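I opened my notebook beside the viewer today.

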Amino acid sequence: MEGARRKHFRKKNARLYQYVGPERLRLAVAGCPIGVRIASLGEIENWMSSLEREPNAAGLMPASFVVDLNGHMRVADSNSEHIAVAGGMPVLAAGKIFFGTGDRSLEVVEITNQATGFCPEPKSWEAVAKAIEKVPLSHPGKFTSEYVYRRCESCGELNVVKGNLFICDFCNASLPKVWNCSRPPKLD
Ligand SMILES: [Zn+2]
């Protein structure tokens, strides 16, 4: 089943990201509602009007987002875990998004692939851009902050690579140059 799904999405050249975060967190948010789909301007306006949160000091509305298996963006309060926003499913992309609101036009002002539960690669931008353009909203053309994730093959921990230094934060082993976060940790 999983193999068939994977093949289907590979055809479109997008990587499918499975949840790689802690099992206890996945279980803890299993009852949370799935993120709201925003595939049209009407859907995003409905979602915005339902929010109790005020925009931040810069007039931006932050949210957690995923791009679901149908290529649609789903959003939830910025404190939400990405696995909850995804309804427990794999994703094409995930991160944080900041919408312009109020005096600013409704557009995507900032966006990142910051989502340690899925560790999506910077190249997941392609799926993000397609989802945003479907709405359609204007966007910055790339992640405004890019995160690079690797799993340490010595200690098994997930790392955010800092400053192009491919060294494990936990055990100082070298981290691989190629994305490997979906692999189960190899432990002695
Ligand atoms: Zn390590």
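My entries below go from the whole chain to its sheet and then its core.

**Entry 1: ground rules.** I am working with a predicted model, where local features need pLDDT of at least 70, side-chain atom pairs count only at pLDDT 80 or more, and totals for chains, interfaces and linings use all residues. Residue numbers start from 1 along each chain as its sequence is written.

**Entry 2: confidence.** I looked up pLDDT, the predictor's confidence in each residue, from 0 to 100. The protein chain averages 90, and 90% of the residues score at least 70. Among the elements, helix H1 (residues 2-10) has the lowest mean pLDDT, 50, while H4 has the highest, 98. Where pLDDT is low, the predicted coordinates should not be read in detail.

**Entry 3: inventory.** I found 5 helices and 7 strands in the protein chain. Both are DSSP runs numbered from the N terminus: helices are H or I with at least four residues, strands are E with at least two. From the N terminus on, I read the order as α-α-β-α-β-β-α-β-β-α-β-β.

**Entry 4: the sheet.** I traced an open sheet of 5 strands in the order S1-S3-S2-S4-S5, with antiparallel pairing; two strands pair if DSSP finds at least two bridges between them. Its edge strands are S1 (36-37) and S5 (108-112), each pairing on one side only.

- S1 and S3 are joined by 2 bridges, and Arg37 stands opposite Arg74 in S3.
- S2 and S3 share 5 bridges, with Phe65 partnered by Val75 in S3.
- S4 (residues 93-100) and S5 pair over 4 bridges, and Phe99 has Val108 in S5 as its bridge partner.

I also checked the S2-S3 hairpin: 5 residues lie between the strands, and Gly71 in the turn has a positive phi of about 80°.

**Entry 5: what lies across it.** Helix H5 (residues 125-134) lies across S2 (60-67), S3 (73-77), S4 and S5, and runs at about 115° to S2. That angle is between N-to-C directions, from 0 to 180 degrees, with axes fitted to C-alpha atoms, for helices over the stretch in contact; contact means C-beta atoms, placed from the backbone, within 7 Å.

Entry 6: Which strand is mostly covered? I noted S3, with 4 of its 5 residues buried, meaning 20 or more other C-beta atoms lie within 10 Å of a residue's own. The largest nonpolar core has 35 residues, and Phe65, Val66 and Ile97 are among those with the most contacts inside it. Such a core is a set of buried Ala, Val, Leu, Ile, Met, Phe, Trp, Tyr and Cys residues joined through C-beta atoms within 7 Å.

Definitions and conventions: Contact = placed C-beta atoms within 7 Å. Buried ≥ 20, exposed ≤ 12 C-beta atoms within 10 Å, placed from the backbone.
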